[in-house]
Amino acid sequence: MSLRATRRRRQSIFRWVVVTVIGLFFALPIVSMVEFTTRAPGGGRTLDTWATLFDVNVIDADYPELKTGILASAGLTLLTVAIMLVMLVPTMTWVRLRLPGMRRTVEFICLLPLTIPAIVLVVGLAPVYAWVAYFLGESSLWLAFAYVVLVLPYAYRALDAGLSAIDVKTLAEAARSLGAGWPTVMWRVILPNVRTAVLSASFLSVALVLGEFTIASLFSRDNLQVAINLLGKRDASIAIAAALAALVLAFIVLFAMSFVGARRRSPRPEES
Amino acid sequence: MSPTQMRVSDGVGRSEPGHGVAVSLVNLCRSYGPIRALDGFTLDIAPGEFVALLGPSGCGKTTALRVLAGLEDADSGRVEVGGKDITSVPTSARDMGMVFQAYSLFPHMTARQNVEFGLQLRRIPSARRRARASEMLDLVELSDHADRYAHQLSGGQQQRVALARALAIEPQVLLLDEPLSALDAKVRAQLRDEIRRIQLEVGTTTLFVTHDQEEALAVADRVGVMRAGNLEQLASPHALYARPATPFVADFVGLTNRLRATVEGERAILLGTSVPLLPGSVQRGDALVLVRPESIAVTPDPAGRATVVSASFLGSTGSLYAVTESGETVMAQIDNDAVATFNPGDRITLVPRPNPALAIAADSGVAADANGSPAAPD
C-alpha cells in the first residue's frame with residue numbers, strides 16, 4: 001500500500017472517530033432520556049408516559065402547569081418572531097440603503113446581548129417590567145420584549161447574511177423607479193429575496209424561545225421550561241418526556257430550516 | 001387614474017414613437033461633504049432626444065442622472081420634466097424608466113414578471129399586462145426567455161430585460177446609468193446599437209451616462225462632456241470630436257497630440273505647416289496645438305525631419321509613433337496595410353492636414369486624462 005493511500009485511510013478513520021465521539025456526545029443524553037421515560041414500574045418498558053404526554057385531556061386535568069407553559073411558550077414564540085422581524089428587517093434594510101455608516105454601530109448593538117449574562121439582563125429589565133406589568137398586566141406574553149433582545153444577535157447574523165447576498169440598494173432603486181413605494185419595495189422585492197434568511201432568523205428565535213428558562217423563572221412567569229422544571233419536582237418522568245419532546249421539536253424545526261426556501265439553481269449561461 | 005396609467009393602458013399593443021418630453025436640469029448643486037459633485041449643472045434635453053453624459057470618474061455625471069431620477073436630492077437647483085417642476089416629487093411618482101449599471105432584475109421573478117412589475121403597480125389589467133410584456137420582450141428579442149429567472153440569463157440578456165422593464169411603463173424619460181459597463185466588449189457593442197434602435201423606435205427622451213466615449217459618440221444625438229460637476233461642452237458627437245470647445249474636451253474625447261506651434265491670428269504654424277484654429281484658441285505667440293492622430297499625414301522620406309519609434313496594427317487602422325527633431329512625440333493614424341512599410345528608425349515627414357485645431361497657451365496645465373496626450377511606447 002502506498003504512503004498516500006495509508007495517509008488517506010488514516011484521515012478517514014480519524015474523521016469517523018471524531019464524528020462518532022460527537023454523535024455520542026449528543027446522542028447519549030437523548031438516549032438516556034428515552035430510557036428514563038420508558039421505564040415501567042417493577043422493570044420492563046412502557047410507553048405510558050408518552051401516551052400521557054400526548055393525551056390532551058389528561059394533561060389538561062392532571063398537569064395544568066404544563067398546558068399553561070406550552071401555550072405561553074407558543075404565544076411567546078409567535079410574538080417574539082413577529083416583533084423581531086417587524087423591527088429588524090426594515091431597520092437593517094434602511095441602514096443598508098440610507099445609513100451605511102451606521103452599519104457597524106447597529107451590528108454592535110445587535111450583538112451586545114451575547115456578552116450580557118441572562119441574570120444581568122434580568123437585573124436591568126426588572127424595573128422595566130415593573131412598568132410593563134403596571135401598564136400591560138402580568139401576562140407571560142410580555143416576556144417577548146426581553147426575548148427579542150435575546151434573539152437579536154442570532155437573528156441579526158441570519159438576516160445580515162441574507163441581505164448581503166443581494167444588491168439591496170439597486171433592487172430597491174429599480175423598484176422605486178418603476179413606481180413602487182417603500183412598503184411595496186419591502187414586501188414585494190426585498191422580503192421575497194431574503195426569504196431564507198427570514199426563515200433562518202425565525203427558526204433560530206423559535207429554538208431560543210422554546211429553550212429559555214432563566215428570565216421567565218426569575219420574573220416568575222410561565223413558559224414551557226419553567227413548567228417542566230416545576231413538573232420535575234412532582235413527576236420526573238413526564239417532565240423529562242416533555243423536555244425531550246421540546247428538544248425534538250426544536251431539532252425538527254432547525255432541520256427543516258436547511259430545506260425550506262432552498263431553490264434549485266441552474267447554471268448560468270455563457271455570454272452570447 | 002393617473003396620466004401614467006392612462007398612457008400605459010392606452011398604449012398597450014404598440015409603442016407610439018415620439019412621446020418624449022423636454023427635460024431641464026437647472027443650476028443643480030450637490031455636495032458630498034467637501035466634494036461638489038454638481039456645481040451649478042445645467043442641461044436641457046429636447047423631447048425625444050438621446051443625450052449622453054460623458055466624463056471621468058467623479059465628474060458628477062451619475063449624480064446628475066440620479067438627481068433627475070429622484071434617487072438623490074439636489075442641494076439647490078431645479079428639475080423640470082415636460083415643463084413641470086418635479087424637484088420635490090418622489091422617485092416612485094416621477095414616471096421614469098431606469099437601467100442600472102449593476103444587474104437589477106428582481107431575482108425571484110421571471111423575465112416576464114420583471115417586465116410586468118411596473119405595470120402591476122399601475123393596476124393594468126392582467127391581459128393587457130401580458131400583452132405589453134410580450135411586446136417589450138419582443139422588442140429586446142428575448143421572447144424565448146420570458147420564463148427564465150435572472151440567474152438563468154447572461155449579463156447582456158439581463159440588461160436587455162431591464163431595458164424592456166424600464167420601457168414597459170412607457171416612461172416620460174429613460175435613464176441609462178452605465179448599463180453596458182459590466183458586459184464584455186462584443187456584447188457591449190451589440191447592446192449599444194440595440195439601445196439606440198429601440199430608443200429611435202419608441203422615441204423616449206433618454207439620458208445615458210457613460211465613461212466610454214465610443215459608446216457616447218455612437219448612440220447619442222448630443223454628448224455632454226462633464227468635468228468637476230459641470231458641463232464643459234454639449235454638442236453633437238461630430239462637433240464634439242472635430243471642434244472641442246476646451247482643452248479638457250479635446251483631451252478627453254479621442255486621442256490628441258499636443259504639439260508646439262506659433263500662433264498668428266486664426267492660424268498656427270505647426271510642423272512647418274499652417275493650420276486653421278478653432279474659436280477659443282489663443283490668438284498670438286507660442287502655443288500648444290491639440291491635433292488628432294488622423295489629422296497628421298505620414299509619408300516615408302529619407303530626408304524627413306521625424307523618426308519612426310513604432311508602428312502598430314490595430315485591425316481596421318494602424319498607429320504610428322514618431323519623434324520630431326525637436327524631441328516631440330507625435331502619434332499618427334495610418335492605414336492598416338501601411339503598418340508594415342514603417343520600421344523603427346525610418347525617417348518620415350509629418351504634415352498636419354488642414355483641419356481646424358484648438359490652440360492653448362504653451363504653459364497650459366490641463367491634465368491629460370485617460371485619453372490624453374499620447375506617450376511613445378517603451
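In this predicted model, the C-alpha centres of domain 1 and domain 2 of chain B lie 40 Å apart. Domain 1 of chain B covers residues 3–239, and domain 2 of chain B covers residues 255–361.

Chain A is also divided into domains: domain 1 of chain A runs over 3–53 and domain 2 of chain A over 64–257. Between the centres of domain 1 of chain A and domain 2 of chain A, taken over C-alpha atoms, there are 31 Å. Here are the two pairs side by side.

| Domain pair | Separation of C-alpha centres |
|---|---|
| Domain 1 and domain 2 of chain A | 31 Å |
| Domain 1 and domain 2 of chain B | 40 Å |

Let us stay with chain A for a moment. Where its two domains touch, domain 1 of chain A brings nine residues to the contact and domain 2 of chain A brings seven residues. On the domain 1 side, helix 1 (3–37) and helix 2 (48–53) of chain A are the elements that give two or more residues. Helix 1 of chain A has the largest share of that side, with five residues. What classes of residue make up the side of domain 1 of chain A that touches domain 2 of chain A? There are six nonpolar, three polar and no charged residues on that side.

Next, have a look at a pair of helices in chain A. The axes of helix 4 (residues 64–98) and helix 7 (residues 143–164) of chain A come within 8 Å and cross at roughly 45°.

Finally, the two chains meet. How many residues does each chain give to the contact? Chain A gives 23 residues and chain B gives 25 residues. On the side of chain A that touches chain B, the elements giving two or more residues are helix 8 (168–177) and helix 9 (182–193) of chain A. Helix 8 of chain A provides the largest share, six residues. That side of chain A divides into eight nonpolar, eight polar and seven charged residues.

How values were computed:
Residues are numbered from 1 along each chain as its sequence is written. Chains are lettered from A and ligands numbered from 1 in the order in which they are written. This is a predicted model: local features need pLDDT of at least 70, side-chain atom pairs count only at pLDDT 80 or more; totals for chains, interfaces and linings use all residues. Helices (H or I, at least four residues) and strands (E, at least two) are DSSP runs, numbered from the N terminus. Ala, Val, Leu, Ile, Met, Phe, Trp, Tyr, Cys and Pro count as nonpolar, Asp, Glu, Lys and Arg as charged, and the others, Gly among them, as polar. Domain bounds come from an automatic or database domain assignment. Axes are lines fitted to C-alpha atoms, for helices over the stretch in contact, and angles run from 0 to 180 degrees between N-to-C directions.
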